[in-house]
Amino acid sequence: PMNVTFAQSHTAAYTPSPRLDRYFETEVLNADPLRLVTLLYRGAGDAIAAARKALAEGNIPERSKQVLKAWEIVHELGRSLNVEQGGDIARQLAELYAFAGQRLLDGNAEQADGPLAEAAAVLATLGEAWQTVLKQQNSAAA
């Protein structure tokens, strides 16, 4: 199962305002595992967007901080996979997470937007797929 403590401990990283912070914290604390995964994708996407903005502004400390946040989320998503039960899909996800994580590190080390954009694109595509699954689950429950 997803490491809920990780997500709970990182809620402040995802939202800029205290009001939104409380809302997001409540959302994470009440999320089922599928919803939690979608929130982690959102958090990673937000952190990469912030890193790219900081890169464009020449704000190296903020860029590094945001890349690290995104990398930690991607690492946690990979760590939470159950390859034995998930089979080929879990292995493919693990490879995509490893690729995205490496591109985040490359973008930070090279101070380049291209690798960050690649990581964002991979995670956005995966996040959209999880959103579709979540919507299907919610429709089936209704």
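**Figure 1. The whole chain, element by element.** Starting at the N terminus, the elements of the protein chain go α-α-α-α-α-α. That comes to six helices and zero strands; helices (H or I, at least four residues) and strands (E, at least two) are DSSP runs, numbered from the N terminus. This is a predicted model, where local features need pLDDT of at least 70 and side-chain atom pairs count only at pLDDT 80 or more, while totals for chains, interfaces and linings use all residues. Residues are numbered from 1 along each chain as its sequence is written, and side-chain values use heavy atoms, with hydrogens and water left out. Of the 142 residues in the protein chain, 37% count as buried (buried means under 20% relative accessible area, exposed over 50%, partly exposed in between, with a 1.4 Å probe and protein chains only). Take the contacts (heavy atoms within 4.5 Å) between residues at least 6 apart in sequence: 59% of them join residues at least 24 apart.

**Figure 2. Where α3 meets α4.** Helices α3 (33-57) and α4 (residues 60-79) pack at an angle of about 155°, and their axes are 8 Å apart. Axes here are lines fitted to C-alpha atoms, for helices over the stretch in contact, and angles run from 0 to 180 degrees between N-to-C directions. The two helices are therefore roughly antiparallel to each other (angles over 145 degrees count as roughly antiparallel, under 35 as roughly parallel, 65 to 115 as roughly perpendicular and the rest as oblique). Their contact involves, among others, V37, L40, Y41 and A44 of α3, along with E62, R63, V67 and L77 of α4. Sorted by class, this contact has 14 nonpolar, two polar and three charged residues. For that sorting, Ala, Val, Leu, Ile, Met, Phe, Trp, Tyr, Cys and Pro count as nonpolar, Asp, Glu, Lys and Arg as charged, and the others, Gly among them, as polar.

**Figure 3. Where α4 meets α5.** Now look at α4 beside helix α5 (residues 83-110): the axes come within 9 Å and cross at roughly 165°. That makes α4 roughly antiparallel to α5. On the α4 side you'll find R63, S64, V67, A70, W71, V74, L77 and G78, meeting Y97, A100, G101, L104, L105 and N108 in α5. By class, the tally is nine nonpolar, four polar and one charged residues.

**Figure 4. A closer look at G78.** G78 sits in helix α4 and is partly exposed, with a relative accessible area of 26%. G78 and E95 are 17 residues apart in sequence, yet their C-alpha atoms are 8.6 Å apart in space.

**Figure 5. The loop between α5 and α6.** Q111 has its place in this loop. Most residues other than glycine have a negative phi. Q111, though not a glycine, has a positive phi of about 50°. Q111 is partly exposed, at 46% relative accessible area. D106, found in helix α5, is buried at 17%. Leaving aside residues up to four places away in sequence, D106 touches Q111 and P115.

**Figure 6. Helix α6 and what covers it.** Helix α6 (residues 113-141) has 29 residues and reaches 41 Å from its first C-alpha to its last, close to the 42 Å expected (1.5 Å times one less than the number of residues). The buried residues of α6 are P115, L116, A119, V122, L123, L126, G127 and L134. Their cover includes α3, α4 and α5.
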